[in-house]
Amino acid sequence: MSEFWLISAPGDKENVQALERMNTVTSKSNLSYNTKFAIPDFKVGTLDSLVGLSDELGKLDTFAESLIRRMAQSVVEVMEDSKGKAQEHLLANGVDLTSFVTHFEWDMAKYPAKQPLVSVVDTIAKQLAQIEMDLKSRTAAYNTLKTNLENLEKKSMGNLFTRTLSDIVSKEDFVLDSEYLITLLVIVPKSNYSQWQKTYESLSDMVVPRSTKLITEDKEGGLFTVTLFRKVIEDFKTKAKENKFTVREFYYDEKEIKREREEMARLLSDKKQQYGPLLRWLKVNFSEAFIAWIHVKALRVFVESVLRYGLPVNFQAVLLQPLKKSSTKRLREVLNSVFRHLDEVAATSILDASVEIPGLQLNNQDYFPYVYFHIDLSLLD
């Protein structure tokens, strides 16, 4: 499973024994894989500052998670036909995300623990904000290019009634620069090919004999040329429609066709040139954002543990990886049972949802006797 539970309990003798009991029970019952989660000793500061940081870190946690999910989605979108290989680019410090989380070590060089907590949080917040700003500008430029290219490509798709014809016809298919003659393109259903050949010369006066030629066809019909005098265009269109032949509005413009082809070539070239740099940027900055996010989780555990368990700072953080989706309920029951002594009132209400305690406002899914945070990597799979 790509899911982790990050918990902490006071580090005194009673709770160390509780952690050992938890490890024993979860191991024997094959409920979770547990590892210690090392968090450095930060400068605590005042109680008021911790309360403020608790709220700020909650918002930063949500923002960071949203950002890495958007970046993961951008990798998938950029890779297009190679979406199955997107996971190869979603790494943290060169390793898969699960390995990074289970072997987490605080980055002292990037986020010095000796700095005030407010400064550490501010550094991470600014880093993530800059990544988001760059993500928006880079993906916007690439998506605009991609959309323009797709719009051009769509013009060359579809049936003969809707698609562009500039990549099908050639100069030789038309009578050009004639004061009197013009070449029209007519779509003829496949079942009516024979009728077209027999009747097109007589659909109107002044149709040039033997001037029709099949240019291309799709599963529904074919595109034929026919040359006639300009003065009978409208009469020919009317008669053609009566016979289920459709005159396609198209006039050969060599300059416009050349412009379209050059635009397509330019967009393809620009997309190819931007693809590599953008994918590399996403790979590097996804890693940076993910690392920052897990550091935010560590900070939240520290702050909430101090607020919950008090001073001096003494708690033990543990990372649990549930082994089966079906066993998460049992794992929660084990944790609540082992640590119920941390908050008897809350633990009782959690273990027995039928118990109503006057004056206690409690969401059973959001509050636990111990400090708890959730890390879900499944949406990055």
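This is a predicted model: local features need pLDDT of at least 70, side-chain atom pairs count only at pLDDT 80 or more; totals for chains, interfaces and linings use all residues.
How many bridges join strand β3 to strand β6, and in which sense do the two strands run? Three bridges join β3 to β6 (residues 246-248), and the two strands run antiparallel.

**Domains**

- The domain assignment of the chain gives two domains, with domain 1 made of the segments 3-149 and 268-376, and domain 2 covering 171-251.
- Between the C-alpha centres of domain 1 and domain 2 there is a distance of 68 Å.

**The sheet**

- Four strands form an open sheet in the order β4-β5-β3-β6, and their pairing is antiparallel.
- The edges of this sheet are taken by β4 (213-217) and β6, and because each of them has a single partner strand, one side of each is left without a neighbour in the sheet.
- On average, and with direction ignored, neighbouring strands of this sheet are turned by 35° against each other.

**Strand β3 and its partners**

- Strand β3 (residues 181-189) is largely enclosed by the rest of the structure, because seven of its nine residues are buried, where buried means a relative accessible area under 20%.
- With strand β5 (residues 221-229), β3 pairs in the antiparallel sense over nine bridges.

**Residue T246**

- T246 is found in strand β6, and at a relative accessibility of 31% this residue counts as partly exposed, a class that lies between the limits of 20% for buried and 50% for exposed.
- Computed along the sequence, T246 and R70 are 176 residues apart, while in space the distance from C-alpha to C-alpha is 47 Å.

**A nonpolar patch on the surface**

- L47, V51 and L307 together make a nonpolar surface patch of about 260 Å².
- L47 has its place in helix α2 (residues 47-79), and its relative accessible area of 57% explains why L47 is classed as exposed, since exposed means over 50%.

Notes
Residues are numbered from 1 along each chain as its sequence is written. Side-chain values use heavy atoms; hydrogens and water are left out. Patches are made of residues with over 30% relative accessible area and no salt bridge: like charges are joined within 9 Å, nonpolar side chains (Val, Leu, Ile, Met, Phe, Trp, Tyr) within 5 Å. Accessible areas come from the Shrake-Rupley method with a 1.4 Å probe; for residues, only the protein chains shown count as cover. A salt bridge is a side-chain nitrogen of Lys or Arg within 4 Å of a carboxyl oxygen of Asp or Glu. Buried means under 20% relative accessible area, exposed over 50%, partly exposed in between (1.4 Å probe, protein chains only). Two strands pair if DSSP finds at least two bridges between them. Domain bounds come from an automatic or database domain assignment. Axes are lines fitted to C-alpha atoms, for helices over the stretch in contact, and angles run from 0 to 180 degrees between N-to-C directions.
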